[in-house]
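User: I have a model open and want a quick tour of its side-chain contacts. Can we go through it piece by piece?

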Amino acid sequence: MQTEVTRQALLDAARRLFVRYGFNDVTMSDIAKESGKGRRTLYTYYDSKADIYKAVIDAELEKIIVGLEKISKRNVSPEQKILELVFGRFKILQESVSNNGTLRSFFFRDIWGVEHFRKDFDRKEKQILISVISEGKAEGVFSVQDVRLTAELFQFCMRGFEVPYIQGHIRRGNSDNLVYRYEAKKLIWGALGIKN
């Protein structure tokens with residue numbers, strides 16, 4: 001129990017410093033001082049600044065995964081579930097990035113870091129997509145040949161829209177959100193072979 005409390009105190013301190021100063025201007029000594037713990041304690045839990053930075057990012061990305069898992073377990077039709085999953089993903093991601101400077105700087109300053117740090121997130125998200133698409137295929141609602149490939153393509157498409165969505169470029173000029181959602185729905189359903 002005390003171990004987890006200490007780990008969380010270190011993460012919280014690191015998060016505050018990364019938000020305030022950015023990754024490059026924070027040292028392990030700064031994190032130890034901010035947390036009220038010694039450097040030896042910090043190095044007991046984390047090998048390097050990159051290691052604790054990854055832990056901070058992982059914690060934020062895990063919150064997004066929890067939101068997506070809740071959506072995937074809803075008792076709604078596969079068509080509704082996939083729409084909620086796609087739109088919910090962008091909403092949760094935007095809220096997380098907007099409310100958290102660490103994640104915001106992570107997404108907009110270091111695109112290569114994004115790829116490195118989000119591997120576990122991507123794996124979990126792909127499993128959620130596979131689950132929802134498999135459900136729709138089993139019910140005869142989605143007409144897809146390869147569920148895994150379809151999930152992967154969905155994921156790549158959503159990743160491509162992340163930065164423009166978060167920055168508001170996709171919605172800009174779309175005063176009628178219903179029209180936007182309708183057009184996006186046609187695109188999503190077309191990819192899944194839904195005729196209606």
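Predicted model: local features only at pLDDT ≥ 70, side-chain atom pairs only at ≥ 80, totals over all residues.

User: Staying with H2, which of its residues are buried?
Analyst: H2 covers residues 28-35. Its buried residues are Met28, Ile31, Ala32 and Ser35.

User: Where do those buried residues fall, seen down the axis of H2?
Analyst: They fall within an arc of 100°, so they line one face of the helix. In general, an α-helix has 3.6 residues a turn, so residues three or four places apart point the same way.

User: And what covers the buried residues of H2?
Analyst: The cover includes H1, H4 and helix H3, which is residues 39-45.

User: Switching to rings. How many aromatic pairs does the structure hold?
Analyst: It holds 1 aromatic pair. The partners are Phe18 and Tyr53, and the geometry is edge-to-face. Their centres are 4.9 Å apart, with 90° between the planes.

User: Which helices do Phe18 and Tyr53 lie in?
Analyst: Phe18 lies in H1, residues 2-21, and Tyr53 in H4, residues 49-72. The pair therefore ties together parts that are 35 residues apart in sequence.

User: Are Phe18 and Tyr53 buried or exposed?
Analyst: Both are buried.

User: OK, charges now. How many salt bridges does the structure hold?
Analyst: There are 14 salt bridges. As a general point, side chains of opposite charge can pair when their charged atoms come close. One of the bridges joins Asp12 and Arg15, at 3.0 Å from N to O.

User: How far apart in helix H1 are Asp12 and Arg15?
Analyst: They are 3 residues apart, so about one helical turn separates them.

User: Is Arg15 buried or exposed? And what about Asp12?
Analyst: Arg15 is buried, with a relative accessible area of 15%. Asp12 is partly exposed, at 27%.

User: What does Glu125 meet in a salt bridge?
Analyst: The side chain of Glu125 meets that of Arg89, at 2.2 Å from N to O. This pair links distant parts of the chain, 36 residues apart. Glu125 is in H8, residues 119-138, and Arg89 is in H5, residues 78-99.

User: Are Glu125 and Arg89 buried or exposed?
Analyst: Glu125 counts as buried, at 2% relative accessibility. Arg89 counts as buried too, at 2%.

User: Which ring does the charged end of Arg89 sit over?
Analyst: The charged end of Arg89 sits over the ring of Phe90. The distance to the ring centre is 5.4 Å.

User: What does Lys126 form a salt bridge with?
Analyst: Lys126 bridges to Glu152, with the closest N and O atoms 3.1 Å apart. Lys126 lies in H8 and Glu152 in H9, residues 147-166, so the pair ties together parts that are 26 residues apart in sequence. Glu152 counts as partly exposed, at 27% relative accessibility.

User: Which residues do salt bridges with shared partners join into one network?
Analyst: That network is made of Asp12, Arg15, Glu60 and Lys63.

User: Last one. Where is Arg74, and what is it in contact with?
Analyst: Arg74 is in the loop between H4 and H5. It is partly exposed, with a relative accessible area of 38%. Leaving aside neighbours within four places in sequence, Arg74 is in contact with Lys81 and Glu84. Arg74 and Glu84 are 10 residues apart in sequence, and 9.6 Å apart in space from C-alpha to C-alpha.

Conventions. Residues numbered from 1 in each chain as written. Heavy atoms only, no water. Phe/Tyr/Trp six-rings, centres within 6.5 Å; stacked < 30°, edge-to-face > 60°. Helix = DSSP H or I, 4+ residues; strand = E, 2+ residues; numbered from the N terminus. Buried < 20%, exposed > 50% of the residue type's maximum accessible area, 1.4 Å probe, protein only. Lys NZ or Arg CZ within 6 Å of the ring centre and 35° of its normal. Salt bridge = Lys/Arg side-chain N within 4 Å of Asp/Glu carboxyl O. Arc of directions from axis to C-beta. Contact = heavy atoms within 4.5 Å.
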